[in-house]
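Grab your viewer and work through a few exercises on how this chain packs. Try each task before you read its solution.

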Amino acid sequence: MKIAVPKERRPREARVAASPETVKKLAALGATVTVEAGAGTAAAMLDEAYKAAGAEIAADIGPALAAADIILKVQRPEAGEIARMREGATLCCLMAPHADRATAEAAAAKGLTVFAMEFVPRITRAQSMDALSSQANLAGYRAVIEAAAHFARAFPMFMTAAGTVQAAKCFVLGAGVAGLQAIATARRLGAIVSATDVRKAAGEQVASLGAKFVFIDLKDGEGGGGYARALTPEEQAQQAALVAQHVKNQDIVITTALIPGRPAPRLITKAMVETMKPGSVIVDLAAEAGGNCELTKADEIVRHGNVSILGFTDLASRIAVDSSALYARNILAFLTPLVDKESKSLKPKWDDEIVRGTLLAKDGKLVHASLVPAAPVPAAAAEPPSSTPTQAPEPATATPTEVPQRPSASVPPADDMTIVPLRRPSSP
Ligand code: NAD
């Protein structure tokens, strides 16, 4: 079982898909691991450490790519990399297939078996493989650190002989994995924190982290599986009024609101930014999905009046040592059960819930339910016509296996700022 770990080639990517720790464990599973020279340098994982863990270091990864059974990457490969891979090899990475379907199709056409790490089902058994959560957690942390670095004031309150420095006020929009970590981090830094979400249940978690929950009382803000739904125009107007009122008293705004398969909801308008205090900072974690703030530009810092809007899309990469270490463990946890102990080769059980949920391409085709149109329903089985107008169908976002359900238990205690995403149990 030959594994290749190339250096990441996309801009602003400092992470690496295997760490010396996971290389050692992959070798113990019977793999020969080849790491491209310098692949981990930006994440402080040096060639010598990989060598000591049992990896071969290749100045040119080409031959290892051409021979590999498994290729481990963080970001989806570029066309040139796909061309160098062997037909029938297995590729594990974050494929972003909804944003870049062409690359997913090229990988499928090359005959690769592709596992998209963002599709790991959010079930208990797959908790250690959940790359989306591990990276969002660190991105939420880093967003607050970036905000603090661009804020020309302190976060905590200081009492000094020369007078009192007031604590910063921080407002977090969207209390999912990234948002909860942003709340916890801003609280640790001493800010006065408030947060909002359309999911009422998020309120308990927000409160448990010592922040105030600001909420428009929606009957049901969930779209299914614990994710948010898109709001109606009336609800959007209600939320906009609440946000407009709240935002003008804030120093820091961290936006993380996302709706699966849709552009990010627009929550902060230009007019709202213009009401904010001079020196305020907005960090928009939804920049890649179009931004929660009207003024956000992906990968840029926009200054509007005296407010800075940070649209970094590489927040996890900005904390590359930890994000690489966690991502590498996610991959190791995903691969380990796929390896046959006897033959020391990859033998996935194709009907396994995690394998099925994560599989993006196989046998020359895209196979993931979110990318392949569902088979037409036979006429006899179709719903009878309804007299009430039906809603437009939601865009396909995932297989039923991959959307999390959010049980109401397991809220972390107030003095423990560990972010534990709520999970649904694995099916037997
Ligand atoms: P996400 O990245 O899809 O969205 C971020 C947050 O934005 C969500 O909390 C969402 O409710 C919120 N949001 C959407 N529209 C909004 C709006 N208009 N205004 C304010 N907030 C808005 O979410 P996520 O971090 O992936 O988490 C989604 C759910 O999945 C949560 O319930 C989380 O607890 C759960 N989860 C489950 C597992 C698991 O293993 N089962 C793992 C991680 C997360």
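**Exercise 1. Is A44 buried, partly exposed or exposed, and where does A44 sit?**

Solution. Keep in mind that you're working with a predicted model.

- Start with the accessibility: A44 comes out at 56%, and exposed means over 50%, so A44 counts as exposed.
- Now check the backbone. Most residues other than glycine have a negative phi. A44 has a phi near 60°, a positive value in a residue other than glycine.

**Exercise 2. How do the axes of α1 and α11 cross, and which residues make the contact?**

Solution. Two packed helices are described by the angle between their axes and the distance between the axes, so get those two values to begin with.

- Helix α1 covers residues 20-28 and helix α11 covers residues 320-335; their axes come within 9 Å and cross at roughly 15°.
- Angles under 35 degrees count as roughly parallel, so α1 is roughly parallel to α11.
- The crossing of this pair, α1 and α11, is left-handed.
- On the α1 side the contact is made by E21, T22, K25 and L26, and on the α11 side by A328, R329, L332 and L335.
- Sorted by class, the contact of α1 with α11 has four nonpolar, one polar and three charged residues.
- Zoom in on E21, which is in helix α1. With 32% relative accessibility, E21 counts as partly exposed. E21 and A328 are 307 residues apart along the chain, yet their C-alpha atoms are separated by 8.6 Å.

**Exercise 3. Now take α6 with two partners, α7 and α11. What angle does α6 make with each?**

- Helix α6 (residues 131-150) packs on helix α7 (residues 177-188) at an angle of about 40°, with the axes 7 Å apart. The two are therefore oblique to each other.
- The crossing of α6 and α7 is right-handed.
- In that contact, α6 supplies S133, A136, N137, G140, Y141, V144 and I145, while α7 supplies V177, A178, Q181, A182, T185 and A186.
- The class count for α6 with α7 is eight nonpolar, five polar and no charged residues.
- With α11, the angle is about 170° and the axes are 9 Å apart. Over 145 degrees counts as roughly antiparallel, so that is the label for α6 and α11.
- Here A131, S134, Q135 and L138 of α6 meet D322, S323, L326, Y327 and N330 of α11.
- The class count for α6 with α11 is four nonpolar, four polar and one charged residues.

**Exercise 4. How many residues are in the largest nonpolar core, and what does L72 touch?**

Solution. In soluble globular proteins, nonpolar side chains tend to be buried together.

- The largest nonpolar core has 69 residues, and those with the most contacts inside it are L26, L72, M95, Y327, F334, L335 and L360.
- Helix α11 gives the most to this core, with eight residues.
- Leaving out residues up to four places away in sequence, L72 touches I3, A4, V5, P6, A17, L26, C92, I331 and L335.
- Another core lies apart from it and has 29 residues, including A147, A168, A211 and L310.

**Exercise 5. Where is P97, and is P97 buried or exposed?**

Solution. 

- P97 is in the loop between β5 (90-94) and α5 (101-109).
- Its relative accessibility is 2%, so P97 counts as buried.
- Not counting residues up to four places away in sequence, P97 touches A104, E118, F119, L360 and L371.
- The C-alpha atoms of P97 and L366 are separated by 9.9 Å, although the two are 269 residues apart along the chain.

**Exercise 6. What share of the protein chain counts as buried, and how many helices and strands are there?**

Solution. 

- Of the 428 residues of the protein chain, 51% count as buried.
- The protein chain has 12 helices and 21 strands.
- Take contacts between residues at least 6 apart in sequence: 65% of these join residues at least 24 apart.

How values were computed. Residues are numbered from 1 along each chain as its sequence is written. This is a predicted model: local features need pLDDT of at least 70, side-chain atom pairs count only at pLDDT 80 or more; totals for chains, interfaces and linings use all residues. Side-chain values use heavy atoms; hydrogens and water are left out. Axes are lines fitted to C-alpha atoms, for helices over the stretch in contact, and angles run from 0 to 180 degrees between N-to-C directions. Helices (H or I, at least four residues) and strands (E, at least two) are DSSP runs, numbered from the N terminus. Angles under 35 degrees count as roughly parallel, over 145 as roughly antiparallel, 65 to 115 as roughly perpendicular and the rest as oblique. A crossing is left-handed if the near helix is turned anticlockwise from the far one by less than a right angle, and right-handed if clockwise. Contact means heavy atoms within 4.5 Å. Ala, Val, Leu, Ile, Met, Phe, Trp, Tyr, Cys and Pro count as nonpolar, Asp, Glu, Lys and Arg as charged, and the others, Gly among them, as polar. A nonpolar core is a set of buried Ala, Val, Leu, Ile, Met, Phe, Trp, Tyr and Cys residues joined through side-chain atoms within 4.5 Å. Buried means under 20% relative accessible area, exposed over 50%, partly exposed in between (1.4 Å probe, protein chains only).
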